[in-house]
Amino acid sequence: MKARSEALALLAGSGTADFAFRISQVALPLVILRETGSVAATGLVAGAAGVPVLLSPWWARRARQWVDSGPRLAIVALVSAIALASVPAAAGLGILSPELLIMSGLLLGCGDALSNPGRSALLADTGDRWGDGRAVQLLTWQDGLRRVGMLLGPTVGAIAVSTGLTNGLLWVEAATVAGAGLLACSVRAERAPDGVVTPSIRASLRGRPEVAYGWVVRGTGCVTWFAFTLGLSVLGEERGHPGVYLAAGMTGYGVGSLVGTAVSLAVVRRTRPVVTASMAWAWSGLCWVGMGVWTTPPVVAVMGALSGVTVVIGIAAISVLITRSSAGAERRALLSGQSVVVNAGSAAGMLAGGPIIGALGAESALIGSGLLTASVAVLVLIRCQTAVHGRDRDHDVGRAA
């Protein structure tokens, strides 16, 4: 019962904080634009927040292991809440500046680099105490709550902004993040014994090649994600229906991801995780190809939904690989590494995505990105199958001898 209550506290904190984030992201650019008058400044917080996450393999190796209990997670959440609150506070005082936005983003990024893998690791550890198979179940539920926020949050945020709430939404997010930290205070520590060497992300991958393969597939999908978001935005603008194609794709993807959350555990428990992940992103890539070939809002919505189902199943499969093969400090390092892969891939894709779409066109970018994603997934699948056959052959030879 204790483990279950701790898990529910972590899930409630994670879900409410992420939902508040999705709502506030509608208001944040508006607040910055009104206060600074600079369009370029609207992305400073998000851009600066990504830097500490991308550099976390170097600076956060020991720090991420420190976040091994609910009270310590609450301390990190308080720091993040202060970083979030600094923006509406400065706006209210009329002193919002690019320098303050960058500092807020950097502080927020440090908090994210520690709290995201720390919360996931605590959730998985709590699941281990709750019962067999609960770790991956809790991580899947956490991802499902995040996707509910992705689907509903922007709409709620837009409605709130239309009623005049802008600064208020940023205060709500800061308070929600602090509250999520307080909810975690009851979670007990999963502390490594004294004298245990803090593992690096690279060291934690040793003996776990399938986790690395899963990261390759997921990282490729993150890099090519720009074709879906930026590509559909550009496509709608070019065809005189601004926002329609992106809205259709994201709505379909959101609905599909919720369906995927409901079925993913049943799928990954009956299949080889790395094979499932490879097939999931291969199918997702083919969905993007379909969007580029048959580019109408209904087709985009259907393909987005199919992509959402498969991506969630792929993410659950990688969670199975990590939770089954690791615990404690190594699991925390692997979850941190996964966070870096996702953020680095997404940042690289968004950075290169604009010029690629400008040179090739939105449809060609969708087709090319989809083919690249599917090709990498198929290559990983072949590599894994070859490795399995090689192990089976060695086993048979050894048994015959």
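Predicted model: local features only at pLDDT ≥ 70, side-chain atom pairs only at ≥ 80, totals over all residues.

Tutor: Ala348 counts as partly exposed, because its relative accessibility is 41% (buried is under 20%, exposed over 50% and partly exposed in between, with a 1.4 Å probe and protein chains only). Residues are numbered from 1 along each chain, and side-chain values use heavy atoms, without hydrogens or water.

Helix H15 runs over residues 328–360, and the loop between H14 and H15 is the place of Ser326. Ser326 counts as buried, because its relative accessibility is 7%. Leaving aside neighbours within four places in sequence, Ser326 is in contact (heavy atoms within 4.5 Å) with Arg208, Arg331 and Leu334. One of these contact partners, Arg331, also meets Asp128 through the side chains in a salt bridge of 2.9 Å, N to O (a Lys or Arg side-chain nitrogen within 4 Å of an Asp or Glu carboxyl oxygen).

That pair leads to the wider layout of the chain. An automatic or database assignment gives domain 1, residues 1–190, and domain 2, residues 198–400. The C-alpha centres of domain 1 and domain 2 lie 23 Å apart, and the contact takes 29 residues from domain 1 and 32 residues from domain 2. Across this interface the rule finds three salt bridges. On the side of domain 1 that touches domain 2, the elements that give two or more residues are the helices H2 (44–54), H3 (56–59), H4 (63–66), H6 (98–130) and H7 (134–162), and H7 gives the most to that side, with eleven residues.

Helix H2 brings us to Val53, which is found in it. Val53 is buried, because its relative accessible area is 5%. Its C-alpha atom is separated by 5.9 Å from that of Gly109, 56 residues apart along the chain, and, leaving aside neighbours within four places in sequence, Val53 is in contact with Gly109, Asp112, Ala113, Ser339, Val340 and Asn343.

Finally, consider the largest nonpolar core, which has 45 residues (buried Ala, Val, Leu, Ile, Met, Phe, Trp, Tyr and Cys joined through side-chain atoms within 4.5 Å). The residues with the most contacts inside this core are Trp215, Leu232, Trp281, Met291 and Ile322. The largest share, eleven residues, comes from H14. Leaving aside neighbours within four places in sequence, Leu232 is in contact with Ala227, Tyr245, Leu246, Gly249, Met291, Val300 and Leu366. Apart from this core lies another one, of 21 residues, among them Ala41, Val45, Ala91 and Ala180.

Terms used. Helix = DSSP H or I, 4+ residues; strand = E, 2+ residues; numbered from the N terminus.
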